[in-house]
Amino acid sequence: MEFVGYDFLECEAEILRYRKVKKGNKEQYQIVLNRTPFYAESGGQVGDTGFLQSGESKISITDTQKENNLIIHFADKIPSDINAIFKAVVDYNRRALITKSHSATHLMHAALRNVLGTHVAQKGSMVNEHTTRFDFSHFAKMTDEEINSIEQIVNKKIRENIALNEQRNVPSKQAQETGAMALFGEKYGDFVRVITFDKNFSVELCGGTHESKW
Ligand SMILES: [Zn+2]
């Protein structure tokens, strides 16, 4: 199973396996593809939605989750011919909004550290098509001035239109040495992905999707 969703929002795919599950009194299908552009929920970023299409047959994908390293696509029904070649297509507009929220979270993280101090570390986050939420610990309630300056920094950085620098398969040790920020409590493998928006501002280990140009 291959994830191509950093580079593509649609691809050809085959169904490797599926199963029917019961959620309350509703039946749902979980589908595994050989290749997918769908981002599975992780690192705070919600899962993609979209559809699978083959000829006249089209089914909606309502959510994407990760389970035992498999990318699981959720659907209310299964295509009539499961052996067909499908076009797997991510809801582009929704993904674009999620991606904006995620990149904004990185800018906010960096701005928080600039204003409040480097003790600020991400304890969790929620990134979807509507909003971004960032959890962190600080020893005092933030003042209005602090909130203001953080907003100003984030807005300024957005206006700078910084090109995304995405590095894949960076050895973990090397990434740590460059001071890339890691997510608290997150397990990382031997190789990591590093997302940089201005190397003097925001460098983070991250598996999420990002704006390549603001
Ligand atoms: Zn991230």
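Biologist: Why is T196 called buried in this model?

Modeller: The model is predicted, and in it T196 has a relative accessibility of 6%. Buried means under 20%, so T196 counts as buried.

Biologist: Where is T196, and which residues does T196 touch?

Modeller: T196 sits in strand β14, residues 191-197. Leaving aside residues up to four places away in sequence, T196 touches A163, L164, N165, Q167, S202 and V203.

Biologist: What makes H102, H106 and C206 donors of the zinc ion?

Modeller: Distance and atom type. The atoms are NE2 of H102, NE2 of H106 and SG of C206, and they lie 2.1 to 2.3 Å from the zinc ion. A donor is an N, O or S atom within 2.8 Å of such a metal, so these three qualify.

Biologist: What spacing do the donors follow along the chain?

Modeller: The spacing is H-x3-H-x99-C. H102 and H106 are both in helix α1 (residues 92-116), 4 residues apart, which is about one turn of the helix.

Biologist: Are H102 and H106 buried or exposed?

Modeller: H102 has a relative accessible area of 5%, and H106 has 2%. The cut-off for buried is under 20%, so H102 is buried and H106 is buried.

Biologist: What are the domains of the chain, and what separation do their centres have?

Modeller: The domain assignment gives domain 1 (2-90) and domain 2 (94-205). Their centres, taken over C-alpha atoms, are separated by 29 Å. The contact takes 14 residues from domain 1 and 14 residues from domain 2.

Biologist: How much area do domain 1 and domain 2 bury between them?

Modeller: About 1,100 Å², with 46% of it on carbon and sulfur atoms. On the side of domain 1, Y6, Q45 and V46 supply 45% of the area buried against domain 2, more than any other three residues.

Biologist: How many salt bridges and polar contacts are there between domain 1 and domain 2?

Modeller: There are 2 salt bridges between the domains. Across the interface, 9 residue pairs are in polar contact.

Biologist: What makes the meeting of D48 and R95 a salt bridge?

Modeller: The side chains of D48 and R95 come to 2.9 Å, N to O. The limit is 4 Å, so the pair D48 and R95 meets the rule.

Biologist: How many salt bridges does the structure hold?

Modeller: The structure holds 14 salt bridges. One of them joins D135 and R133, at 2.9 Å from N to O.

Biologist: Why are D135 and R133 called partly exposed?

Modeller: D135 has a relative accessibility of 28%, and R133 has 43%. Exposed needs over 50% and buried needs under 20%, so D135 and R133 each count as partly exposed.

Biologist: Which salt bridges does K157 form?

Modeller: K157 pairs with E160, with the closest N and O atoms 3.2 Å apart. The side chain of K157 also meets that of D198, at 3.0 Å from N to O. D198 lies in the loop between β14 and β15 (202-205) and K157 lies in helix α2 (residues 144-159), so this pair ties together parts that are 41 residues apart in sequence.

Biologist: Are K157, E160 and D198 buried or partly exposed?

Modeller: K157, at 10% relative accessibility, is under the 20% cut-off and so counts as buried. E160 has a relative accessible area of 37% and D198 has 25%. Both values fall between 20% and 50%, so E160 and D198 are partly exposed.

Biologist: What is the phi of N68, and what is the phi of N161?

Modeller: Phi is near 45° for N68 and near 55° for N161. Most residues other than glycine have a negative phi. N68 has a positive phi and is a residue other than glycine, and N161 likewise has a positive phi without being glycine.

Biologist: Where do N68 and N161 lie, and how exposed are they?

Modeller: N68 lies in the loop between β8 (63-67) and β9 (70-75). Its relative accessible area is 70%, over the 50% cut-off, so N68 is exposed. N161 is in the loop between α2 and β13 (165-171). At 31% relative accessibility, N161 falls between the two cut-offs and so counts as partly exposed.

Technical notes: Residues numbered from 1 in each chain as written. Predicted model: local features only at pLDDT ≥ 70, side-chain atom pairs only at ≥ 80, totals over all residues. Heavy atoms only, no water. Donors = N, O, S within 2.8 Å, 3.2 Å for Na, K, Ca; no water. Helix = DSSP H or I, 4+ residues; strand = E, 2+ residues; numbered from the N terminus. Buried < 20%, exposed > 50% of the residue type's maximum accessible area, 1.4 Å probe, protein only. Domains from an automatic or database assignment. Contact = heavy atoms within 4.5 Å. Buried area = accessible area lost by both parts, 1.4 Å probe. Polar contact = N/O pair within 3.5 Å; in protein donor to acceptor, adjacent residues only side chain to side chain.
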